[in-house]
Amino acid sequence: MSTKRTGYLYILLAAFFFSTMEVALKFIAGSFNPVQLTFSRFLIGGLVLLPFAVSKICRGSLRFQAGDWRTFAFLGFLGITVSMTLYQMGVAYTKASTAAILFSSNPVFVALLALLILREPIGKAQALALAFDILGVLVIVNPFGEGLSFYGVGLLLAGTVIFSLYSVLGKKSCRKYGGLTVTCMSFFFGSAEMILLAALSHIPALADGLSAAGLEAFSRIPFLAGISPQTLPYFLYVGIGVTGLGFFCYFKAMEETSAAAASLVFFLKPVLAPILAYFILREEISLQTIVGVALIFAGSMISLLPGLLARCRAQT
């Protein structure tokens with residue numbers, strides 16, 4: 001199989017793993033504390049990525065400096081401790097398909113934050129794509145409609161924006177060490193930080209204060225509660241499959257093709273996730289969702305096609 005074909009196979013695999021995340025989380029969200037589930041799955045995901053990260057570090061004779069460890073710790077706090085905790089909590093209040101679609105809009109926020117922080121310009125195609133993506137999200141969320149948890153949507157959007165900030169701030173480290181290595185290190189640091197916070201949440205005075213403030217999810221966070229023969233398969237799938245193999249396939253797709261081609265993963269997810277949620281969870285696919293997905297997909301294609309066409313012309 002050619003390198004390019006292998007790359008597109010990785011794209012399809014990553015898109016499948018990422019598209020099943022919210023569906024799998026729905027099966028176990030009620031059995032686990034959201035913080036517990038977050039640090040568990042990213043710790044497992046980091047262990048899956050570790051051999052590949054170590055191999056890359058050894059091949060490149062890379063040496064981490066003190067500043068690199070601080071960067072990894074900060075990225076882990078931002079992308080895992082804060083972002084994924086908010087996202088995990090948001091999944092509990094919304095449909096799996098809605099959560100998947102909203103998170104897939106993170107390229108919109110990445111582009112905007114890259115403009116504000118890194119001064120990376122936004123071209124006409126990107127600007128038009130952003131407009132389509134934002135319109136698609138608004139159609140799905142439907143601020144004037146009923147039946148949608150604005151609390152859940154707010155948590156999801158906050159998690160998505162912070163994850164986008166994590167992606168933008170991690171670009172410099174990714175250029176130096178590679179995306180897979182940076183992701184692996186941030187997974188470990190983020191998990192370790194959350195485990196420390198979980199331990200602190202058992203201090204009686206702090207636990208009682210959090211409970212009194214209505215933050216029961218952050219009070220006396222369990223470490224192993226919820227694991228049973230019924231939940232273990234989903235728990236391992238989310239950690240090994242979605243978080244570990246999903247990110248591995250994503251970065252392999254980037255290596256075998258290009259960053260632009262690999263971004264197809266986030267464009268396929270809004271299409272695949274509602275279909276999977278319909279067949280597995282029996283979630284209704286409304287006309288509103290279909291229109292929103294179509295707008296997001298159109299925006300994604302507008303953003304992606306110029307780069308793909310340029311690559312095709314360069315190869316002919």
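This is a predicted model: local features need pLDDT of at least 70, side-chain atom pairs count only at pLDDT 80 or more; totals for chains, interfaces and linings use all residues.
Biologist: Is isoleucine 280 buried, exposed or partly exposed?

Modeller: Buried would require under 20% relative accessible area and exposed would require over 50%. The relative accessibility of isoleucine 280 is 44%, so this residue counts as partly exposed.

Biologist: How many residues apart in sequence are the parts that the pair of tryptophan 69 and phenylalanine 189 ties together?

Modeller: The structure holds 22 aromatic pairs, and among them is the tilted pair of tryptophan 69 and phenylalanine 189, with 6.1 Å from centre to centre and 50 degrees between the planes. Tryptophan 69 lies in helix α4 (residues 66–91), whereas phenylalanine 189 lies in helix α10 (residues 179–200), so the parts tied together by this pair are apart in sequence by 120 residues.

Biologist: Are phenylalanine 163 and tyrosine 166 buried or exposed?

Modeller: These two residues form a tilted aromatic pair, with 5.2 Å from centre to centre and 45 degrees between the planes. Because they are 3 residues apart in helix α8 (residues 150–169), about one helical turn separates phenylalanine 163 from tyrosine 166. As for accessibility, both phenylalanine 163 and tyrosine 166 are buried.

Biologist: How far apart in space are isoleucine 122 and leucine 215?

Modeller: Isoleucine 122 lies in the loop between α6 (106–118) and α7 (124–141), and with 24% relative accessibility it counts as partly exposed. Leaving aside residues up to four places away in sequence, isoleucine 122 touches Ala111, Leu112, Leu115, Ala127 and Leu130. Leucine 215 is 93 residues from isoleucine 122 in sequence, and the distance in space between them, C-alpha to C-alpha, is 40 Å.

Biologist: How many disulfides does the count come to?

Modeller: A disulfide needs two cysteine sulfur atoms within 2.5 Å. For cysteine 58, which is in no disulfide, the nearest cysteine sulfur is that of cysteine 184, at 13 Å. Cysteine 249 is likewise in no disulfide, and the nearest cysteine sulfur, again that of cysteine 184, is 15 Å away. By this rule the number of disulfides is 0.

Biologist: Is cysteine 249 buried or exposed?

Modeller: Cysteine 58, with 54% relative accessibility, counts as exposed. Cysteine 249, in contrast, has 5% relative accessibility, and so it counts as buried.

Biologist: Which helix holds lysine 176, the residue that pairs with aspartate 68?

Modeller: A search of the whole structure finds 4 salt bridges, and one of them joins aspartate 68 to lysine 176, the closest N and O atoms being 3.5 Å apart. Aspartate 68 is buried, with a relative accessible area of 10%, whereas lysine 176 is partly exposed, with 47%. The pair links distant parts of the chain, 108 residues apart, since aspartate 68 is in helix α4 and lysine 176 is in helix α9 (residues 171–177).

Biologist: Where does arginine 220 lie?

Modeller: Arginine 220 forms a salt bridge with aspartate 208, and their closest N and O atoms are 3.1 Å apart. With 45% relative accessibility, aspartate 208 counts as partly exposed, and arginine 220, with a relative accessible area of 40%, is partly exposed as well. The pair ties together parts that are 12 residues apart in sequence, because aspartate 208 lies in helix α11 (residues 204–212) and arginine 220 in the loop between α11 and α12 (232–256).

Notes: Residues are numbered from 1 along each chain as its sequence is written. Side-chain values use heavy atoms; hydrogens and water are left out. Rings of Phe, Tyr and Trp (its six-membered ring) pair if their centres lie within 6.5 Å; planes under 30 degrees apart count as stacked, over 60 as edge-to-face and the rest as tilted. Helices (H or I, at least four residues) and strands (E, at least two) are DSSP runs, numbered from the N terminus. Buried means under 20% relative accessible area, exposed over 50%, partly exposed in between (1.4 Å probe, protein chains only). Contact means heavy atoms within 4.5 Å. A salt bridge is a side-chain nitrogen of Lys or Arg within 4 Å of a carboxyl oxygen of Asp or Glu.
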